[in-house]
2 protein chains.
Amino acid sequence: MSLELTPVQTVACCSPLSREPLSETEAEGIAPLLKALGDPVRLRLMSLVASHEGGEACVCDLNDAFELSQPTISHHLKILHEAGLLERSKRGVWVYYRAQTDALKDLGALIGGQGR
Amino acid sequence: MSLELTPVQTVACCSPLSREPLSETEAEGIAPLLKALGDPVRLRLMSLVASHEGGEACVCDLNDAFELSQPTISHHLKILHEAGLLERSKRGVWVYYRAQTDALKDLGALIGGQGR
DNA sequence: CGTAAATATTTACATCTGTCGATATTTAAG
DNA sequence: CTTAAATATCGACAGATGTAAATATTTACG
């Protein structure tokens, strides 16, 4: 186990953006999550996985949804995984990614949550 | 008036991430918003403004909250403004930025909204 | 083992990004 | 008109980012 927190582990930390100012530390923990989602390809990947039945999808299907090389999709999936937004599981030759819906829920609340 | 939509004008477009896959066009409209928030300094700026009384703050106060040069803060504010997340109004020599809370609410719902 | 398929890693490269110093612009006050 | 203060723009630069080609790794199957 690691003492390092993934960005996603920090997102449940704080009251909404609009309620009180984020600390520097909080902002540095959360920004990487938003940055990970701040690319059109990754945003679609996240949506494809999250909206897929079971909240899970095979890389083989994801590759076909884009006109991008396989390494590029793999690269984007890695970024979403490292942010903690996608969980990875291998079954045979296939790799499945699962959306971390709790993280999305927390992040949504942080951004859209009511202020004072 | 312009035919170009700011990113923030497109965020109320669609059902949550987890409900159905975002189209390429939708993703390209929304990703810039998340990207704008995906920097620690801008995330704190957004939070400072949004949580300030009246949802509004003067640049003069924002500059003092960071150990960064004035041009750098100005640059970040411009990015948030161009994304449509901050509204700009000048009063005398001072410039005030106001949080677009509707946009934050829509974005939060898009990310954290319930899937199927 | 040898081969094929799925996915990840490495390497390279053009473009983008965050930052600052210098400078410009705008406004208020003498 | 001059000056000073607040903010924006410009120019430059180191470092990050998105992409693809080539290669490696892992797994299943004969």
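Leaving aside its neighbours within four places in sequence, which residues is B:His76 in contact with? Select B:His76 and have a look: B:Asp39, B:Val41, B:Arg42 and B:Leu45 are the ones in contact, where contact means heavy atoms within 4.5 Å.

Before going on, some ground rules. You're looking at a predicted model, where local features need pLDDT of at least 70, side-chain atom pairs count only at pLDDT 80 or more, and totals for chains, interfaces and linings use all residues. Residues are numbered from 1 along each chain as its sequence is written, chains are lettered from A and ligands numbered from 1 in the order in which they are written, and side-chain values use heavy atoms, with hydrogens and water left out.

**Stop 1: around B:His76**

Stay on B:His76 and colour by secondary structure: this residue is in helix α5 of chain B. (Helices are DSSP runs of H or I with at least four residues, strands are runs of E with at least two, and both are numbered from the N terminus.) Is B:His76 buried or exposed? B:His76 counts as buried because its relative accessibility is 9%; buried means under 20% relative accessible area, exposed over 50%, and partly exposed in between, with a 1.4 Å probe and protein chains only.

**Stop 2: DNA strand C**

A residue is near a strand or molecule if one of its heavy atoms lies within 4 Å of it.

Zoom in on some side chains here:

- A:Gln70 has a side-chain N or O atom 2.6 Å from a base nitrogen of DNA strand C.
- A:Arg88 has a side-chain N or O atom 3.0 Å from a phosphate oxygen of DNA strand C.
- B:Thr72 puts a polar side-chain atom 2.8 Å from a phosphate oxygen of DNA strand C.

Which elements give two or more residues to this surface? Pick out α4 (59-64), α5 (70-83) and β3 (94-99) of chain A, plus α5 (70-83) of chain B. The one that gives the most is α5(B), with five residues.

**Stop 3: DNA strand D**

Of the 25 residues around DNA strand D, A:Lys35, A:Ser69, A:His76, B:Gln70 and B:Tyr97 come nearest. Click on A:His76: a polar atom of its side chain is 2.4 Å from a phosphate oxygen of DNA strand D. A:Lys35 has a polar side-chain atom 2.6 Å from a phosphate oxygen of DNA strand D. For A:Lys90, look for a sugar or linking oxygen of DNA strand D, 3.1 Å from a side-chain N or O atom. The largest share of the surface near DNA strand D comes from α5(A), with five residues.

**Stop 4: arginines over rings**

Next, select A:Arg91 and A:Tyr96. The charged end of A:Arg91 sits over the ring of A:Tyr96, 4.3 Å from its centre. (That takes NZ of Lys or CZ of Arg within 6 Å of the ring centre and within 35 degrees of the ring normal.) Hop to chain B, where B:Arg91 lies over the face of B:Tyr96, at 4.3 Å from the ring centre.

**Last stop: A:Glu24**

Finish at A:Glu24, in helix α2 (residues 24-37) of chain A. With 46% relative accessibility, A:Glu24 counts as partly exposed. Draw a line from its C-alpha to that of A:Cys14, 10 residues apart along the chain, and you'll get 12 Å.

Conventions
A polar contact is a pair of N or O atoms within 3.5 Å; within protein, one must be able to donate a hydrogen and the other to accept it, and residues adjacent in sequence count only if both atoms are side-chain atoms.
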